[in-house]
Protein chains: 2
Amino acid sequence: MAQHQESGQGVGKKPPRGDKAQDILDAARAEFLARGYAAARLDDIAARAGVAKGTLYLYFQSKEDIFQSLVRTAIVPNLAQLETMAEAWDGPITPLLERFASVALGVAGNDKLVAIPRLLLAEAKTFPDLARFYYREVARRGIGLLTKIIAKGVASGEFRTVEPLHAARLVIAPFLLHAMWQSMFVEFDDNPVDPAAYAKTHLDVLLNGLRADTGSSE
Amino acid sequence: MAQHQESGQGVGKKPPRGDKAQDILDAARAEFLARGYAAARLDDIAARAGVAKGTLYLYFQSKEDIFQSLVRTAIVPNLAQLETMAEAWDGPITPLLERFASVALGVAGNDKLVAIPRLLLAEAKTFPDLARFYYREVARRGIGLLTKIIAKGVASGEFRTVEPLHAARLVIAPFLLHAMWQSMFVEFDDNPVDPAAYAKTHLDVLLNGLRADTGSSE
DNA sequence: CCAATATGACTGACTGGTCAGTCATATTGG
DNA sequence: CCAATATGACTGACCAGTCAGTCATATTGG
């Protein structure tokens with residue numbers, strides 16, 4: 001019974017196959033997200049992906065391998081793009097940070113993108129290799145990028161003297177909080193914040209706090 | 001079935017053993033923390049607590065009940081204390097926020113305290129009741145407290161006009177980021193930040209950003 | 001052009017191990 | 001001596017991973 005076939009529907013000829021591996025990863029993300037790594041069942045992942053359980057093993061070695069693939073493909077692809085943009089940037093830093101914030105706002109509100117770090121947070125102890133990978137490819141890289149940008153702003157006198165590594169964290173922390181809050185509490189959060197307005201307040205306060213114009217001591 | 005009760009428990013005589021329920025909860029926290037809820041084994045929890053598996057069921061109904069008890073006893077007890085302090089506070093808001101920050105710094109660096117929200121973040125979808133409980137008793141309450149404080153600062157003219165709910169989040173976000181970063185990456189973080197210095201930079205930038213003295217527009 | 005044959009992607013019933021929860025028995029202390 | 005408390009071997013459900021079999025499609029050769 002049962003076959004598949006995506007034949008008929010065809011977008012053109014009849015590619016007998018969409019990318020099954022990708023279907024499986026999408027299904028896996030949804031299941032892992034909903035139940036956690038340990039509690040997610042391969043039967044459910046297979047069902048959601050529209051394949052039989054055995055098929056999973058044609059594309060992946062094990063449940064763990066599926067999880068790993070998921071994490072490895074989740075390196076926000078924007079990161080490289082942001083790096084290039086930052087590299088080329090010439091004028092004042094403030095608008096560059098504003099660009100960053102709008103990207104961050106999009107990421108923080110996108111459940112698919114937030115899902116991976118959230119899972120990894122829960123499973124970091126179980127998959128130290130993955131945690132290390134994520135640290136290197138995403139966390140350290142992202143913070144490093146921001147650190148350089150802030151340092152440039154400090155050097156140019158646009159910002160007052162702060163430890164750039166600290167300030168870099170201050171830039172993204174509010175987005176992280178927002179993402180976590182969302183994913184835990186959406187369903188029953190009375191008095192939810194408007195993400196765009198929140199981001200605006202954040203940047204407003206942060207930039208005002210970083211700006212060199214106050215004669216503040218210290 | 002099953003009943004528990006901590007009857008005698010006496011602090012007096014010579015309890016050959018302290019409060020077993022508490023021992024079990026401590027052991028459970030450690031195991032849940034290390035492996036996640038689903039992967040933690042009751043056998044291990046029992047072993048770590050120094051009791052037999054059956055004993056767990058004299059004190060708790062089920063694995064889920066243990067987890068729930070853990071979360072319910074984790075309401076940072078400081079919260080009530082902070083609420084009282086804030087209530088009574090009279091002078092300028094800035095030093096009050098500094099007090100808060102130092103408490104937050106302690107919490108963010110304490111693995112035992114961070115463990116619970118981290119677990120809950122992973123399991124929120126599986127235990128919506130617990131998530132709601134935590135939202136009401138910790139998250140909303142904590143944010144509410146900070147919101148009121150900020151609002152007072154805005155009303156008094158100490159801070160410029162900002163949405164207090166947003167600013168409240170800005171206060172704690174960097175501590176959350178720190179806690180998450182720690183628990184995921186400690187083992188291989190080259191270039192770790194000094195928590196106290198980081199907190200200092202945070203407050204410095206935030207307060208400078210909130211202060212009403214800049215003639216800045218907006 | 002159309003059998004006959006070959007291929008391998010895909011299936012899903014099955015197995016073997018794991019673990020939450022039970023309960024008959026043992027221990028403790030009043 | 002008998003509750004109350006504690007034990008740990010046991011059971012039944014559950015699920016990751018396997019593998020013998022199916023069938024749609026491709027290839028061959030008549």
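The model is predicted, so local features need pLDDT of at least 70 and side-chain atom pairs count only at pLDDT 80 or more, whereas totals for chains, interfaces and linings use all residues. Residues are numbered from 1 along each chain as its sequence is written, and chains are lettered from A and ligands numbered from 1 in the order in which they are written.

- In the interface, 48 residues of chain B are in contact with 49 residues of chain A, a contact meaning that the C-beta atoms of two residues, placed from the backbone, lie within 7 Å.
- On the side of chain B that touches chain A, at least two residues each come from α1 (20–35), α7 (111–123), α8 (128–155), α9 (164–185) and α10 (195–210) of chain B, and α9(B) gives the most, with 13 residues.
- That side of chain B has 29 nonpolar, nine polar and 10 charged residues, where Ala, Val, Leu, Ile, Met, Phe, Trp, Tyr, Cys and Pro count as nonpolar, Asp, Glu, Lys and Arg as charged, and the others, Gly among them, as polar.
- Because 100% of the interface residues of chain B are also interface residues in chain A, the copies meet through the same surface.

**Helix α10 of chain B and the segment after it**

- The 16 residues of α10(B) should span 22 Å at 1.5 Å a residue, and the end C-alpha atoms of this helix are 22 Å apart, which agrees; the expected span is 1.5 Å times one less than the number of residues.
- Among the buried residues of α10(B) are Tyr198(B), His202(B), Leu206(B) and Gly209(B); a residue is buried if 20 or more other C-beta atoms lie within 10 Å of its own, exposed if 12 or fewer, and partly exposed in between, with C-beta atoms placed from the backbone.
- The buried residues of α10(B) pack against α9 (164–185) and α10 (195–210) of chain A, together with α6 (93–108) and α9 of chain B.
- Arg211(B), in the segment after α10 of chain B, counts as partly exposed because it has 17 C-beta neighbours inside 10 Å.

**Nonpolar core**

- The largest nonpolar core has 124 residues, and those with the most contacts inside it are Leu176(A), Ile24(B) and Leu176(B); such a core is a set of buried Ala, Val, Leu, Ile, Met, Phe, Trp, Tyr and Cys residues joined through C-beta atoms within 7 Å.
- Not counting residues up to four places away in sequence, Ile24(B) touches Ile45(B), Ala49(B), Val51(B), Leu56(B), Tyr59(B) and Ile66(B).

**Chain A: fold and confidence**

- Chain A has 10 helices and zero strands, helices (H or I, at least four residues) and strands (E, at least two) being DSSP runs numbered from the N terminus.
- Of the 218 residues of chain A, 36% count as buried.
- The mean pLDDT of chain A is 87, and 89% of its residues reach 70 or more, pLDDT being the predictor's confidence in each residue, from 0 to 100.
- Over residues 1–17 of chain A pLDDT stays under 50, and the model has three contacts beyond four places in sequence for them.
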